[in-house]
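Biologist: Walk me through this model, please. I would like to learn how to read its features.

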Amino acid sequence: MLEEIGTTAEGDLIINIGPQHPATHGVLHLVITLNGETVKNVEPHLGYIHRSIEKMCESLTYRQFIYVTSRMDYLSSHINNHGCALCVEKGMQIEVPARARVIRVLLDELTRLASHQLWWGAMGMDLGALTPFFHAFREREMINEIMEETCGARLTMNYMVPGGVMFDLHPNFRHRVKDFIAFFKTKIDEYDELLTGNIIFQNRMKGIGYLSKADAVSYGCTGPTGRASGVSCDIRKLYPYEVYDQVHFEEIRETEGDCFARYLVRMKEMRQSLSIIEQLIDNIPEGEFQAKTKAVLKLPKGEFYSRVETARGEFGVFIVSEGGTTPYRIKFRSPGFSNLSALNHMAKGSKIGDLVAIMGSLDLVIPDIDR
Amino acid sequence: MFSLEGLTNSIHAWLHNTFNPTIALLSEFVIVGICVITFFAMLGLILVMMERKVSAYMQIRLGPNRVGPQGMFQTVADTLKLAVKEGLTPDGADRFLFNLAPFIVMITAMLIMAPVAFARGFQIWDINIGVLFVTSVSSVSVIGILIAGWASNNKYSLLGAMRSGAQIVSYELSAGLSIISMIVLTGSLQISEIISSQQNGWWIFKGHIPAIISFVIFMIAVTAETNRAPFDMAEAESELTGGFHTEYSGMKFALIFLAEYANIFIVCAIGATLYLGGWMPLHIGSWTGFNRIMDYIPSSIWFISKTFLLIFIMMWFRWTFPRLRIDQLLNLEWKYLLPISMVNLILMTLVSIMGWHF
Amino acid sequence: MTAEELKIKVTEVLPGALFVEGGEWLTVDLEPAVFLPVARKLREDAEMDFDYLFCLTCVDWKTHLVMQYHLSSTTYRHTIVVRCKLDRTLPEIDTLSHIWRTAEFHEREVYELFGVKFLHHPDLRRLVLTDDFEGWPLRKDFEDPVNMIKL
C-alpha cells in the first residue's frame with residue numbers, strides 16, 4: 001500500500017482511517033497522509049460493501065430489480081425505489097394515478113426528513129457532541145413507525161412499484177403524520193438551540209472544507225453539498241416529477257460552500273420538507289393507488305434515464321433495454337460517489353478534526369457509494 | 001454532632017498509646033493507604049454511575065436500570081467484566097512501558113489525594129505547600145499519557161498522546177495562574193488555612209469579579225487538563241478512535257479510566273476548596289444565627305455536595321458541547337485564557353492590597 | 001438551447017457528426033479519434049457550456065464497448081449524450097478527468113469493471129476491487145462460479 005501512494009516526504013505519517021472507524025459511518029477506508037495534524041492527502045479506498053448491484057440487476061426483471069435498490073442508499077430507500085419506478089414508467093409510458101403520485105411525494109419527503117435527522121445526529125457525534133444523536137433518533141423513530149405501518153419495514157422499505165405504490169395507505173397514516181409534524185415543528189427549533197447556535201460548533205464548521213461553485217459543478221456534487229456552494233441542482237425544482245411542480249417549496253441555496261453552509265442547507269431543507277408534507281397531507285386524492293400494468297413488464301428497445309432528488313443529491317437510473325424482461329445494462333448514478341470524489345480537494349490542508357467534520361457534512365452513506 | 005475529626009483523633013491517640021511512635025506511624029500509613037484505595041474504587045463506581053445517569057438525563061434516555069435497584073450495580077458489573085478480561089499487550093508494543101503507563105497515571109491521581117481536606121480535621125497530610133503540591137504532582141500524569149501513547153505502537157495513540165501533551169502543558173498555565181490569584185487572597189498555600197480564611201464567606205462571594213473570572217478560567221482549564229469533552233482531544237473517539245488508550249483493554253484500561261474519574265474528583269475538590277470554601281459551611285459575614293444553623297450540617301456533607309456540584313457542571317459540559325479542534329484549543333489557551341488570567345492576577349493583587357474584598 | 005439548435009451547434013464543431021434519434025436527449029456518436037477535442041469544445045464553448053458531467057458509464061454490447069457520457073449545462077439546462085464506440089479487445093479512450101473532475105472517480109470505476117483503459121488518467125488504479133482481481137466483472141462474458149448466482 002505504501003508503494004501505491006508514491007513518494008512520501010520525510011516526516012509524513014500515513015494513517016488508515018477505516019474500514020472500521022467511528023467517523024466513516026460505515027466501511028469506508030481512507031488512507032490519509034498527515035504532516036503533524038495537517039492532512040496532506042486523502043485517498044478513498046472503496047469496495048468493502050460493493051455488491052455489484054448493477055450486475056445483479058441485469059438478471060432481475062423490471063419488477064424485481066427495484067427491491068435491490070433499497071439496499072444502496074438505505075437512508076433514502078423510498079427515493080431510490082422511486083427513481084427506478086420512474087425510469088420503468090418512462091419506458092413503458094405508464095400513467096401513474098394521482099393518488100399514488102401524492103403518496104410517493106409524501107413518503108419521499110418523510111424519508112428525506114428521517115435521513116436528515118440521522119445526519120444531524122451523526123454530524124454532532126462527529127464533532128464530539130453525543131447528545132444530538134439521541135434527540136434526532138427520538139423524532140426519527142416516529143417516522144420509522146409511520147413507515148413500518150405503511151410498508152412493513154423500517155429501514156429498507158420497498159413500497160414503490162412501477163405504476164404506483166404497492167398497497168394503499170394505512171388508515172392511521174394521516175393522523176400519525178399530522179402528529180409528527182406538530183411534534184417535529186417544536187423540536188427542530190430545539191435542534192437549532194442545541195447545535196446551530198453553539199459557538200464551538202460554528203467555529204468547527206465555518207470556513208472548513210471550502211468548495212467553490214465551479215469545483216462543485218466539476219466534481220458533480222449535487223444535493224445539499226452542491227447547493228451549499230451555490231449550484232442550483234435540486235431535481236425537484238429543475239425537472240419536477242410527480243407533484244413537485246404543484247407544491248410550494250424553495251430550493252435552499254447558500255453561497256459560502258463550507259461545512260456550515262452544508263449544515264444550514266440541510267437544516268432549512270428539513271423545514272421545506274415539513275412544509276411539503278403539510279401541504280399534501282390533507283390533499284391526498286381518492287382513487288386508485290396503482291395503475292393497471294401487465295404482469296410481465298417489457299421495456300422497449302432503447303435508453304432510458306430518470307433522475308430524482310435523494311437526501312444526498314441527484315440519483316440517476318440509466319437503463320439500456322434490449323426489449324427483454326430484464327435490463328440489458330443498468331447504471332445507478334449515485335450522489336455519494338460524486339460527492340466523495342471532492343473529499344480530497346476539500347480536505348487538503350485541513351486538520352484531522354476538520355476531515356471528520358467534512359466527511360460528516362458530506363453525509364456519506366457507504367452502500368450508496370459502493371453499490 | 002457527627003464529625004470525622006473525632007474518629008481520626010481517637011484512632012491516632014489509640015495507636016500512639018498502644019505502640020511506639022514508629023509502629024504507630026507505619027500502621028497509620030497502612031490505614032491511610034487502604035482508605036485511599038477503597039475510596040478510589042468507590043469513587044470510580046459512583047462517578048461512572050453518575051456520568052451514565054447524567055448523560056442519560058441529558059439524552060432523554062433512562063440509563064442503566066437493570067442491575068440492582070435503579071441499576072446501581074451496573075458499574076460493579078462492568079468492573080467485574082473488566083477485571084476478568086484478558087490484559088492484552090499488542091505485539092509491537094514496548095511491553096514494559098505499555099504496562100507501566102496505567103500505573104503512573106493511577107499513582108499520580110492517588111498522590112494528589114494527600115492534601116485534600118474531606119471534612120473538618122479529616123485530611124491525610126496538611127502540608128504547608130498543599131496547593132503547589134497538587135499542581136505539580138498533577139502535571140506528572142501527562143508523562144503517563146505520553147508513555148501510554150508512545151508504547152502502544154499505534155499511530156492513533158501517538159497522535160492522541162501528542163495532543164494530550166500539548167494540551168495539558170498549556171492548560172496548566174491558566175489553571176496555575178487562577179490558583180495563584182486565589183493564593184494572593186488567602187495568603188497561604190496550606191489547604192487548612194485556605195479553608196479557614198473562608199470562615200466568614202466563600203471566596204467566590206468575597207473576592208468580587210476577579211474571583212469569579214478566576215473560577216470560570218479554573219473550571220475551563222481543569223476540564224481541559226482532565227481531558228474531558230469539549231477538550232477531549234486526546235481521546236476524540238470520532239477522530240482517533242480512542243486516542244492514547246486505544247490499545248488498552250481489561251484492567252489496564254480500567255486503571256486509566258478510573259484515574260480519569262479520580263482526577264475529575266480531585267480537581268473539583270480543589271476548586272471547591274479554593275472558591276467554595278471546601279468543607280466550610282455557608283457562612284455570611286456577621287449573621288451569627290444563620291452561621292450556627294449552617295454549622296449543624298456536617299462538614300463532610302458540605303464538601304461532598306460542593307465537589308459533586310462542580311463534577312455535575314463538568315458532566316454537563318461534556319454532554320452538551322461539541323469538541324474543539326486542536327488548534328482552536330491551543331488558541332483558546334494561549335490567546336485568550338492566559339492573557340485574561342494574567343490580567344486577572346494583577347486585578348486580584350490590587351483587590352488584595354487595597355482590601356477591597358469582604 | 002433546444003435539441004435542434006444543439007444539433008446545429010455540434011455539427012459546426014464536428015462536421016458530419018452522427019446523431020442518434022429516438023432518445024430523450026440529443027445523442028451523438030463520436031469516434032475515439034475526435035473524442036477529446038469535441039469534448040473539450042463542448043465544455044469550453046460559451047454557448048454550449050456543458051459543465052456538468054452527471055453520468056459516465058460503459059455498456060458492453062458483446063462485440064464492442066460503448067462509453068456513455070451524459071452532459072448537462074448548469075447555465076442553459078440543456079443535455080447531450082455523447083457516445084463513443086470502443087474496441088472490445090483493447091479498449092482505450094482519452095480521459096476526461098481534467099475537463100470534468102468527477103470523471104476521475106467514474107473512470108476508475110469503469111476501468112476496473114469494464115477494463116477500459118483511460119489514457120493520461122492521473123491515477124488509474126482499482127477503486128473497489130482487490131488489486132489481484134482478475135477479469136472485468138460488468139462485461140457480459142464475465143463468469144464467477146463462486147460468487148455469482150444464476151437465477
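Biologist: Is the crossing of α12(A) and α15(A) left-handed or right-handed?

Modeller: A crossing is left-handed if the near helix is turned anticlockwise from the far one by less than a right angle, and right-handed if clockwise. The crossing of α12(A) and α15(A) is left-handed. Note that this is a predicted model: local features need pLDDT of at least 70, side-chain atom pairs count only at pLDDT 80 or more, and totals for chains, interfaces and linings use all residues. Residues are numbered from 1 along each chain as its sequence is written, while chains are lettered from A and ligands numbered from 1 in the order in which they are written.

Biologist: At what angle do the axes of α12(A) and α15(A) cross?

Modeller: Axes are lines fitted to C-alpha atoms, for helices over the stretch in contact, and angles run from 0 to 180 degrees between N-to-C directions. Helices (H or I, at least four residues) and strands (E, at least two) are DSSP runs, numbered from the N terminus. The axes of α12(A), residues 259-281, and α15(A) cross at roughly 30° and come within 9 Å. The two helices are therefore roughly parallel (angles under 35 degrees).

Biologist: Which residues make the contact of α12(A) and α15(A)?

Modeller: Contact means C-beta atoms, placed from the backbone, within 7 Å. α12(A) brings Cys259(A), Arg262(A) and Tyr263(A), and α15(A) brings Ala357(A), Ile358(A) and Ser361(A).

Biologist: Why is strand β8 of chain A largely enclosed by the rest of the structure?

Modeller: Count neighbours. A residue is buried if 20 or more other C-beta atoms lie within 10 Å of its own. Five of the five residues of β8(A), 329-333, are buried, so the strand is largely enclosed. Arg329(A), Lys331(A) and Arg333(A) point one way, Ile330(A) and Phe332(A) the other.

Biologist: In which sense do β7(A) and β8(A) pair?

Modeller: Strands pair if DSSP finds at least two bridges between them. β7(A), residues 314-321, and β8(A) pair in the antiparallel sense, over five bridges. In β8(A), Ile330(A) is the bridge partner of Ile319(A).

Biologist: How many residues of chain A and chain C does their contact take?

Modeller: The contact takes 29 residues from chain A and 25 from chain C. On the chain A side, β7(A) gives the largest share, four residues. β8 is among the elements that supply at least two.

Biologist: And how many residues of chain A are in contact with chain B?

Modeller: There, 27 residues of chain A meet 23 of chain B. Elements giving two or more residues to the chain A side include α5 (98-126) and α15 (352-362).

Note on methods:
Two residues are in contact if their C-beta atoms, placed from the backbone, lie within 7 Å. A residue is buried if 20 or more other C-beta atoms lie within 10 Å of its own, exposed if 12 or fewer, and partly exposed in between; C-beta atoms are placed from the backbone. Angles under 35 degrees count as roughly parallel, over 145 as roughly antiparallel, 65 to 115 as roughly perpendicular and the rest as oblique.
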